[in-house]
Amino acid sequence: MASTRTGNRRTRVHVVSDVHGNARDLARAGDGADALVCLGDLVLFLDYADHSRGIFPDLFGKENADRIVELRTARRFAEAREFGARLWAGVGTDRAAAIEKAVRRQYDELFAAFPTPTYATYGNVDMPQLWQEYARPGTTVLDGQRAEIGGWTFGFVGGGLRTPMRTPYEIDEEEYAAKIEAVGEVDVLCTHIPPEVPELVYDTVARRFERGSRALLDAIRRTRPRYALFGHVHQPLARRMRIGATECVNVGHFAGSGTPWVLQW
């Protein structure tokens, strides 16, 4: 992958989100591009399409994974938390340490798969405190920060807002809005979660509205970036729409598709 623009040659950036353990396709995701942009959710905690895959079934087995997916899909979150607590109590080990150990195994493989250069921000299921340890030369981690790629300015805001799911990197709306504000005016605004628009936050398979950001929507209307790119919602009602001058795009569920979204200018 080339990292600079030469003469009048067009710049090509590949964008992925919701990698969820798909290191095999991630290793090829930058082929033919000047840079790879990753919008987070590297970790696979539980695959809702295949309940045998992920940290949860590795620890507790597929039958228990089936049950917790059933409870969460029915939005019975309190029951799901109680069920999970009983499972952890039976393990007799430190929950945080067991999860971190499993996440580290995944990060070993996933960060090794990133091409050079990669610009990445966190998803709501990621553990930001580990990223600087695993990010290799050529991988730039940004959150509430900007980077220039091919003459365009990209802004990055990671994480998600608080939900009943209580995933690892959920933050308050005020903290999220502050990161949006810190990024300011950019050509491409890159976030893990979408702006708070019903068509962009509704998951047609899970049959629920995911958390989107009102602050992000306001920033799109105010600063008018060329593109707003995001992931998080795996099967959205709408994958793209225009908000004023901005093309808003859900770049796709990379764990399922294995194919990056392409931005070229």
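Begin by selecting phenylalanine 111 and tryptophan 131: both residues are buried in this predicted model.

**First stop: an aromatic pair**

Keep these two residues on display and look at their rings. The ring centres of phenylalanine 111 and tryptophan 131 are 5.2 Å apart and the planes meet at 85°; the pair is therefore edge-to-face, since an angle over 60 degrees counts as such. Next, colour the helices that carry them. Phenylalanine 111 belongs to helix α5 (residues 95-113), while tryptophan 131 belongs to helix α6 (residues 128-134). The two residues are 20 residues apart, and their pairing links distant parts of the chain.

Now widen the selection to Tyr107, Phe114, Tyr122, Tyr134 and Tyr169, which form one aromatic cluster together with Phe111 and Trp131. In the whole structure there are 16 aromatic pairs.

**Second stop: histidine 14**

Select histidine 14, which is found in strand β1 (residues 12-16). Its relative accessibility is 4%, so histidine 14 counts as buried. Display its surroundings as well: beyond its neighbours within four places in sequence, histidine 14 is in contact with residues including Ala29, Asp31, Leu36, Pro260 and Trp261.

Move on to phenylalanine 77, in helix α4 (residues 77-91). Phenylalanine 77 counts as buried because its relative accessibility is 12%, and the limit for that class is under 20%. Leaving aside neighbours within four places in sequence, select its contacts: Arg72, Pro164 and Met165.

Finally, draw a distance between the C-alpha atoms of phenylalanine 77 and isoleucine 99. These two residues are 22 residues apart along the chain, and their C-alpha atoms are separated by 20 Å.

How values were computed. Residues are numbered from 1 along each chain as its sequence is written. This is a predicted model: local features need pLDDT of at least 70, side-chain atom pairs count only at pLDDT 80 or more; totals for chains, interfaces and linings use all residues. Side-chain values use heavy atoms; hydrogens and water are left out. Rings of Phe, Tyr and Trp (its six-membered ring) pair if their centres lie within 6.5 Å; planes under 30 degrees apart count as stacked, over 60 as edge-to-face and the rest as tilted. Helices (H or I, at least four residues) and strands (E, at least two) are DSSP runs, numbered from the N terminus. Buried means under 20% relative accessible area, exposed over 50%, partly exposed in between (1.4 Å probe, protein chains only). Contact means heavy atoms within 4.5 Å.
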